[in-house]
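Thank you all for making the time this morning.

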Amino acid sequence: MKAGVSFLSDSRIVSRALDRFRRRAVRRDGPVVSQPPIENLIRDLDLEGYARRGGLTGRGLARFLDRYLDSCTWLHHPGYMAHQVAAPHSSGALASLVDGFTNNAMAIYEMGPPAAAIEFWVLNWMIAKVGWVPMPYPREAGPALLHAGGVLTHGGSLANLTALLAARSRVAPDAWDRGTPPDLALLVPSESHYSIARAAGILGLGSAAVTPLETDAAGRVIPDRVRGAIRRVRESGRRPMALVANACSTALGLFDRLREIGAACREEGVWLHVDGAHGASALLSEGTRALLDGVELADSLVWDAHKLMRTPTLCAAVLVRDARDLDGAFKQEASYLFHDKAQPGVDFIHRTVECTKSGLGLRFFAVLAALGEQGLAAYVERQFGLAREAHRWISGLPDFECPAAPQANILCFRLSAASDEAQIAARDALISEGSFHLSTAEVGGRRYLRASFMSPETTMDDVRRMIERVRRAAGGA
Ligand SMILES: Cc1ncc(COP(=O)(O)O)c(C=O)c1O
């Protein structure tokens with residue numbers, strides 16, 4: 001009974017603190033980012049004391065939260081433009097609380113029927129956006145019905161690994177038992193996220209198996225060169241395991257031309273993996289969907305909800321056009337989990353690296369159900385539109401340059417006359433004053449400042465102020 005009372009009063013304390021935190025962030029009433037020394041944080045949060053005596057509740061909890069939130073990176077702040085992490089919608093955050101408390105580790109149906117049902121529904125919702133055949137309910141599944149499949153994972157990196165594992169099982173079905181054959185090659189554009197190279201390492205392909213695809217100056221795959229690249233791999237006595245395309249790339253946010261690349265892969269019988277961790281959310285809006293034109297030709301797609309769909313970290317989807325490819329990716333014996341059983345739902349455990357798995361679908365579904373598809377689509381359009389407008393304005397300034405026109409909500413720029421070190425120093429200065437949080441990226445061997453417009457509160461006025469701060473930090477004004 002007492003525990004219930006403190007849960008109710010403590011959750012009021014937590015929600016009040018978080019509501020204030022969000023309102024302060026939106027009003028810019030505090031630094032967007034602050035990085036106190038780690039030893040100060042450990043001391044100020046009294047970690048030792050609480051660990052020894054317990055009792056983090058009531059007023060103590062309120063004080064602790066104030067200190068904690070003050071030093072957080074404020075993703076709802078209009079000056080937040082750094083990494084591709086959502087400024088989460090409050091409904092998604094509440095869903096994380098529900099998931100945390102119910103703790104339904106739903107990779108097997110009996111450990112969380114509603115969480116599993118939501119994951120199944122969310123996957124089918126995404127599959128429909130791609131244009132593939134959705135998964136039937138288990139009792140309707142006929143053996144002959146070819147349909148797509150998927151699973152939600154804790155992050156896009158794990159999703160990329162899972163997709164490439166499925167690709168390996170198609171090309172080398174006995175790799176699970178005999179190990180990864182030494183003749184497999186993975187064709188990858190240089191601008192791919194590092195999790196692709198990591199997946200190649202984890203799969204035992206070796207970095208020598210990662211074969212670069214020809215790209216233009218902005219790092220986009222040149223579709224006309226894809227067939228030649230595949231043939232050269234074959235002529236060298238190797239088998240292409242998969243070809244990776246970006247939708248969109250991490251540094252510049254540019255989309256590869258999926259229809260032409262997909263047609264080449266189909267013709268050559270090569271698995272096309274589309275890394276849409278960031279950009280697949282463009283499928284939500286008629287205005288941006290064309291960026292992924294041809295995505296249905298892919299064999300696998302990764303799509304993160306915790307990037308462009310306002311969902312708290314983490315919720316990533318790995319989707320495959322043919323569910324059998326994912327079902328064949330893992331082969332495991334675990335008599336206490338994997339056995340024939342009559343059940344009215346589905347298990348996901350045979351499709352994922354993870355055994356204990358959070359109810360990830362609930363986090364995203366809560367946001368979708370709060371904003372509706374139209375609301376989410378409007379958010380994506382707004383953020384992409386802001387990047388376009390910022391580009392128009394910044395590329396017109398005499399002292400700045402941009403390496404490419406943005407296609408998503410990511411924009412790179414630099415002070416033309418300043419060195420690479422000066423770009424990094426400008427970012428550091430903005431972080432120290434707590435006004436704006438930018439990241440940086442190397443493009444064509446030069447260091448650029450990089451803005452990822454994630455906060456729905458960021459406007460062109462913020463962009464103008466940010467540029468002014470960059471100028472001042474570099475001593476240019
Ligand atoms: C294109 C791309 N793929 C994969 C990832 C990795 O996703 P996660 O951070 O969810 O592991 C990222 C992260 O920024 C990305 O931009």
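I will speak about the ligand, then the sheet, and finally one arginine.

A word on provenance: this is a predicted model, in which local features need pLDDT of at least 70 and side-chain atom pairs count only at pLDDT 80 or more, while totals for chains, interfaces and linings use all residues. Residues are numbered from 1 along each chain as its sequence is written, and side-chain values use heavy atoms, with hydrogens and water left out.

Let me begin with the ligand, which is surrounded by 14 residues, the closest being G156, S157, T250, D275 and H306; a residue is near the ligand if one of its heavy atoms lies within 4 Å of it. Oxygen atoms of the ligand lie 2.7 Å from a side-chain N or O atom of S157, 2.9 Å from one of T250 and 2.8 Å from one of H306. On its own the ligand has 390 Å² of accessible area, and the protein covers 85% of that, with areas taken from the Shrake-Rupley method with a 1.4 Å probe. Two or more residues of the shell come from each of helix 7 (156–171) and helix 12 (305–308), and helix 7 gives the most, with three. Helices here are DSSP runs of H or I of at least four residues, strands are runs of E of at least two, and both are numbered from the N terminus.

Turning to the sheet, five strands form an open, mixed arrangement in the order 1-11-12-10-9, where two strands pair if DSSP finds at least two bridges between them. At the edges, each pairing on one side only, are strand 1 (80–81) and strand 9 (400–401). Strand 1 runs parallel to strand 11 (residues 437–443) and is joined to it by two bridges, with Y80 having H437 as its bridge partner. Helix 14 packs on this sheet, touching strand 9 and strand 10 (410–415), and its direction makes about 20° with that of strand 10; the axes are lines fitted to C-alpha atoms, for helices over the stretch in contact, and angles run from 0 to 180 degrees between N-to-C directions.

R363 counts as buried because its relative accessibility is 9%, the limit for buried being under 20%. Its side chain makes a polar contact of 3.3 Å with the side chain of D99, meaning N or O atoms within 3.5 Å, one able to donate a hydrogen and the other to accept it.

Notes. Buried < 20%, exposed > 50% of the residue type's maximum accessible area, 1.4 Å probe, protein only. Contact = heavy atoms within 4.5 Å.
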